[in-house]
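Let's take a walk through this protein together. Have the sequence and the 3D view ready, and we'll start with a pocket.

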Amino acid sequence: MSAVGTGGFRAPAFPLLLALASSAGAQETHDAVNEANNPLTPKITINLQNYYIPSFIDTPGEPEANQFLLRGLIPSDMFGLPQLFRFTLPIATSPDVPSGYVTGLGDFTLMDLFILPKHGDVTLGAGPLLVVPTATDESLGSGKWQIGAAGVVVAPQRWGLLGALATYQTSFAGVDDREDVNLLTFQPILNINLSDGWYLRSSATWTFNLESGNSYIPVGAGVGKVFQLDKGVTMNAFVEPQYTVWHDGPGAPRWQIFAGVNFQFPVGR
């Protein structure tokens with residue numbers, strides 16, 4: 001009887017342990033996907049991202065455009081304050097009427113985000129922003145030095161990630177005959193985690209040109225997958241079509257395709 005009784009208790013325990021192990025593994029994968037998509041994760045990050053714009057609103061000639069973005073994130077504790085240095089260098093192909101198209105460097109953007117104390121699971125970051133007029137052609141940049149501020153909020157969820165990035169920048173020097181810059185952007189971030197590192201995403205950036213009034217709001221719906229590589233390196237590949245649902249003025253993308261591959265490297269390895 002004792003052998004039968006012991007077996008009777010052991011049999012249900014094994015699938016229970018399997019279920020617990022599976023749940024722990026799923027949660028670990030879920031956390032890894034959130035970390036790979038969190039713009040405030042304190043890891044060295046290299047982003048290779050691209051916007052392809054096949055159609056513009058109210059623009060004659062049906063031009064196309066493309067913008068490749070080399071982005072990086074470097075964590076630092078300078079002055080004893082946790083912060084993230086984030087840079088963006090565009091390589092763009094833009095319509096250049098009447099000659100056709102021009103390709104070259106765009107304007108270089110640098111942010112210094114100071115990480116504020118957490119409120120529960122919510123992380124906040126804020127700091128100054130600087131734009132350097134490095135564009136190799138006037139069609140690819142503003143021709144203006146710009147200064148401003150950026151703010152980020154991230155709230156991981158059991159099912160994914162919620163967040164937002166807002167920036168404001170205004171020109172203070174540069175080419176005199178170029179239009180002044182007074183620009184506000186807002187990027188809502190929504191990720192829904194699936195299984196095996198897959199996730200759904202929406203992260204289109206809303207742009208409000210406070211100088212000219214030309215503004216637009218796109219909405220994106222895409223998919224991505226997070227891969228765990230050797231030595232703690234994470235690769236995050238995604239594609240996200242974005243369609244403009246509201247615009248004020250000509251020149252906004254009718255729709256665009258945002259795609260990229262992001263790499264995160266643990267600090268200290």
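**A pocket, some strands and a lysine**

The residues lining the second largest pocket split into five nonpolar, four polar and three charged. Before going on, bear in mind that this is a predicted model, where local features need pLDDT of at least 70, side-chain atom pairs count only at pLDDT 80 or more, and totals for chains, interfaces and linings use all residues. Residues are numbered from 1 along each chain as its sequence is written, and side-chain values use heavy atoms, with hydrogens and water left out.

Here, a pocket is an open set of points on a 1 Å grid over the protein atoms alone, where a 1.4 Å probe fits, with protein on both sides within 12 Å along at least five of seven lines; its lining residues have an atom within 4 Å of a point. Among those lining this one are Asn 34, Lys 118 and Val 154. Helix H1 (2-37) and strand S7 (144-156) are the elements that each give two or more residues to this lining. Helices (H or I, at least four residues) and strands (E, at least two) are DSSP runs, numbered from the N terminus.

Strand S7 also holds Lys 144. Is Lys 144 buried or exposed? With a relative accessible area of 5%, Lys 144 is buried (under 20%, while exposed is over 50% and partly exposed lies in between, using a 1.4 Å probe and protein chains only). A polar atom of the Lys 144 side chain lies 2.8 Å from the backbone oxygen of Val 175, and the side chain also reaches the backbone oxygen of Arg 178 at 3.4 Å.

Methods:
Nonpolar A, V, L, I, M, F, W, Y, C, P; charged D, E, K, R; others polar. Polar contact = N/O pair within 3.5 Å; in protein donor to acceptor, adjacent residues only side chain to side chain.
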